[in-house]
Amino acid sequence: MNETQQHCGTVAVIGAPNAGKSTLVNALVGQKVAITSPKAQTTRTKIMGIALHENTQIILIDTPGIFDPNRRLDRAMVAAAKDGSTDADIIAVVVDGRAGAGEKVERVLETLEHRKEPKWLILNKVDIARKDKLLLLTDKIINAQEFDQIFYISAQTGDGLEELKTAFASQMPEGPWHFPEEQVSDVSERLLASEITREQLYRQLHQELPYASTVETEKYSEREDGSIEIHQQILVERPTQRAIILGKGGSMIKSIGETARKELSELMQVRVHLYLHVKVKENWDEDRAVYNDIGLDWVE
């Protein structure tokens with residue numbers, strides 16, 4: 001393929017927490033690059049996914065949800081979301097079609113004021129949203145903010161995704177691809193390992209586990225036989241949280257570790273040895289080193 005025939009551009013995917021941004025990015029890329037869970041604010045840093053459509057490379061920036069920040073961690077996440085939408089060729093605003101247009105959506109729309117980039121509205125979860133409410137929701141949003149295009153999709157089932165991907169590709173500027181054809185993300189394997197374990201914490205513990213927990217990969221090395229050895233620590237703020245993660249007789253942490261290890265092995269196509277331990281560290285979200293490890297900038 002001649003480079004002059006190639007197209008490459010960036011789509012910033014923004015929205016309120018739990019709108020389905022990461023699920024959408026994973027679906028467009030064709031494999032997991034960002035973790036997902038029903039827990040709000042699962043995505044903490046901006047993650048790049050790379051989707052291909054014919055001669056076009058679409059760089060998708062999956063950003064944390066935009067919300068009113070209270071703690072330093074919150075402020076860092078919102079800063080990452082806003083930074084991720086800078087200089088994009090398209091700003092794609094993902095809205096949960098079932099949840100409606102409340103304060104969280106209004107907060108996102110406010111950030112679009114004075115933005116010159118093309119703005120596309122993507123109504124997600126249409127497979128579980130009532131059609132009459134969906135149309136009313138659309139009217140409410142476009143009365144508050146003008147959008148260049150509107151799409152109705154389900155990132156979970158795939159409805160409307162091919163049309164959306166084709167539309168994204170049609171708007172990407174001409175120019176050489178920024179990444180090799182086989183690359184799907186900018187996430188290091190070390191950070192991906194932490195994220196996969198954190199996803200299992202949220203999925204297996206649901207509401208029992210508070211938002212204030214994180215996973216650090218302390219050691220990531222290759223053994224002589226080609227397998228990967230990973231040591232991680234799960235940081236929590238209180239001993240009671242540690243007890244929840246460990247479970248009776250260590251049953252919960254064993255389940256989390258086994259599921260995370262299996263997924264990492266499948267993603268990396270290599271045998272993985274995963275070792276987890278839980279550490280109580282009060283106010284871990286005030287430790288600058290933790291922010292570096294999870295890919296967030298330190299904010300004052």
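1. Start with helix H1, residues 21-29: 7 of its 9 residues are buried, so the helix is mostly covered (buried means under 20% relative accessible area, exposed over 50%, and partly exposed in between, with a 1.4 Å probe and protein chains only). Helices here are DSSP runs of H or I with at least four residues, strands are runs of E with at least two, and both are numbered from the N terminus. Keep in mind that this is a predicted model: local features need pLDDT of at least 70 and side-chain atom pairs count only at pLDDT 80 or more, while totals for chains, interfaces and linings use all residues. Residues are numbered from 1 along each chain as its sequence is written, and side-chain values use heavy atoms, with hydrogens and water left out.

2. Which residues of H1 are buried? They are Lys21, Ser22, Leu24, Val25, Asn26, Leu28 and Val29. These pack against strands S1 (7-15), S2 (47-53), S3 (56-62), S4 (90-96) and S5 (119-124), and against helix H5 (161-170). Contact, by the way, means heavy atoms within 4.5 Å.

3. Now the pair H1 and H5. Their axes are 11 Å apart and the packing angle is about 80°, which makes H1 roughly perpendicular to H5. Axes are lines fitted to C-alpha atoms, for helices over the stretch in contact, and angles run from 0 to 180 degrees between N-to-C directions. Under 35 degrees counts as roughly parallel, over 145 as roughly antiparallel, 65 to 115 as roughly perpendicular, and the rest as oblique. On the H1 side the contact uses Leu24, Ala27 and Leu28; H5 brings Leu161, Leu164, Lys165 and Phe168.

4. A few backbone spots are worth a look around here. Glycine 30, which follows H1, has a positive phi near 100°. Asparagine 18 is not a glycine, yet its phi is positive too, about 70°. You'll find asparagine 18 in the loop between S1 and H1, and it counts as partly exposed because its relative accessibility is 33%. Lysine 125, another non-glycine, has a positive phi of about 65° and belongs to the loop between S5 and helix H4 (131-144).

5. On to the sheet. It is open, has 6 strands in the order S2-S3-S1-S4-S5-S6, and its pairing is mixed; two strands pair if DSSP finds at least two bridges between them. S2 and S6 (149-152) are the edge strands, each pairing on one side only. Neighbouring strands are turned by 25° against each other on average, direction ignored. Inside the sheet, S1 and S3 run parallel and are joined by 7 bridges, and threonine 10 stands opposite isoleucine 59 in S3.

6. Last, the hairpin. Strands S7 (213-222) and S8 (228-236) run antiparallel and are joined by 9 bridges. Lysine 219 has histidine 231 in S8 as its bridge partner. There are 5 residues between the strands of this hairpin, and glycine 226 takes a positive phi near 95°.
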